[in-house]
Amino acid sequence: MTKSDPNKVLRQLPLVAGGLAGTLLMVNRLLTEQITDSQARSDALGVIVSALLILTGLLWQQVQARSPDSVKLIGEEGFEFAPDLPEAVKIELAWASRLLLTNTATRSIVIVYQGKVLLRRGILGINPEVKPGPILQRVLDKNKPVYLVNLNIYPGRIEFDYLPENTQGVICQPIGSQGVLILGANAPRSYTKQDENWVEGIADKLENTLNRF
């Protein structure tokens with residue numbers, strides 16, 4: 001279910017105002033038997049203003065940024081740790097995942113380290129196991145993050161079966177050279193550059209913690 005655009009009405013106001021003003025000017029002109037010079041000048045000015053309003057409305061429709069449509073991810077909400085994790089690691093993973101869920105568009109989190117799923121939190125996918133596909137393997141091999149801004153347009157999205165099936169965007173952020181932080185968003189193009197930098201910082205902190213255990 002998509003969320004309606006809250007600015008839709010605002011963007012249409014100049015179009016409506018310009019169209020209404022132009023219509024009223026035309027009706028007034030048709031109903032006036034004798035046109036004076038001053039009225040002709042006023043009508044000309046009114047036509048110009050109406051045209052400018054309509055042009056502004058058209059530009060707003062094309063230029064003004066729209067908030068990406070969000071969806072309700074399919075799946076059950078959960079919070080799962082790998083068995084036998086040290087308490088200090090659990091606390092660190094819980095802290096990091098909570099920050100991401102409450103401050104970004106992230107709705108599903110999977111943390112993999114040394115081939116093992118350490119945490120799943122948020123809306124859970126059906127598959128609890130993570131088998132790296134080409135995209136995730138490239139992140140692990142090259143130690144560079146990948147941000148898929150709109151997962152629906154990528155044929156390789158089928159490898160993310162451990163995320164909700166209608167996940168809209170994905171960040172795969174390396175945790176050192178042995179792990180990856182996988183974030184699923186409920187809207188396409190929902191992560192800013194600042195979000196990406198913040199995710200990188202959290203992954204670096206997780207690496208420091210995990211390396212000690």
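The following exercises, with worked solutions, concern a predicted model.

**Exercise 1.** Determine which parts of the chain are linked by the salt bridge between E80 and R120, and whether each residue is buried or partly exposed.

*Solution.*
Step 1. A search of the whole structure finds two salt bridges. In one of them, the side chains of E80 and R120 meet, with N and O 3.1 Å apart.
Step 2. E80 belongs to strand β1 (residues 77-81) and R120 to strand β3 (residues 116-123); the pair, 40 residues apart, links distant parts of the chain.
Step 3. Buried means under 20% relative accessible area. R120 has 7% and is therefore buried, whereas E80 has 35% and is partly exposed.

**Exercise 2.** Carry out the corresponding analysis for K205 and E92.

*Solution.*
Step 1. The closest N and O atoms of this salt bridge are 2.7 Å apart.
Step 2. K205 lies in helix α5 (residues 193-211) and E92 in helix α3 (residues 87-103), 113 residues apart, so that distant parts of the chain are linked.
Step 3. K205 is partly exposed at 38% relative accessibility, while E92 is buried at 13%.

**Exercise 3.** Describe the surroundings of N166.

*Solution.*
Step 1. N166 is located in the loop between β4 (146-148) and β5 (169-175).
Step 2. Its relative accessible area is 16%, so N166 is buried.
Step 3. Leaving aside residues up to four places away in sequence, N166 touches V71, K72, L73 and I74.
Step 4. A polar atom of the N166 side chain lies 2.9 Å from the backbone nitrogen of I74.

Key: Residues are numbered from 1 along each chain as its sequence is written. This is a predicted model: local features need pLDDT of at least 70, side-chain atom pairs count only at pLDDT 80 or more; totals for chains, interfaces and linings use all residues. Side-chain values use heavy atoms; hydrogens and water are left out. Helices (H or I, at least four residues) and strands (E, at least two) are DSSP runs, numbered from the N terminus. Buried means under 20% relative accessible area, exposed over 50%, partly exposed in between (1.4 Å probe, protein chains only). A polar contact is a pair of N or O atoms within 3.5 Å; within protein, one must be able to donate a hydrogen and the other to accept it, and residues adjacent in sequence count only if both atoms are side-chain atoms. Contact means heavy atoms within 4.5 Å. A salt bridge is a side-chain nitrogen of Lys or Arg within 4 Å of a carboxyl oxygen of Asp or Glu.
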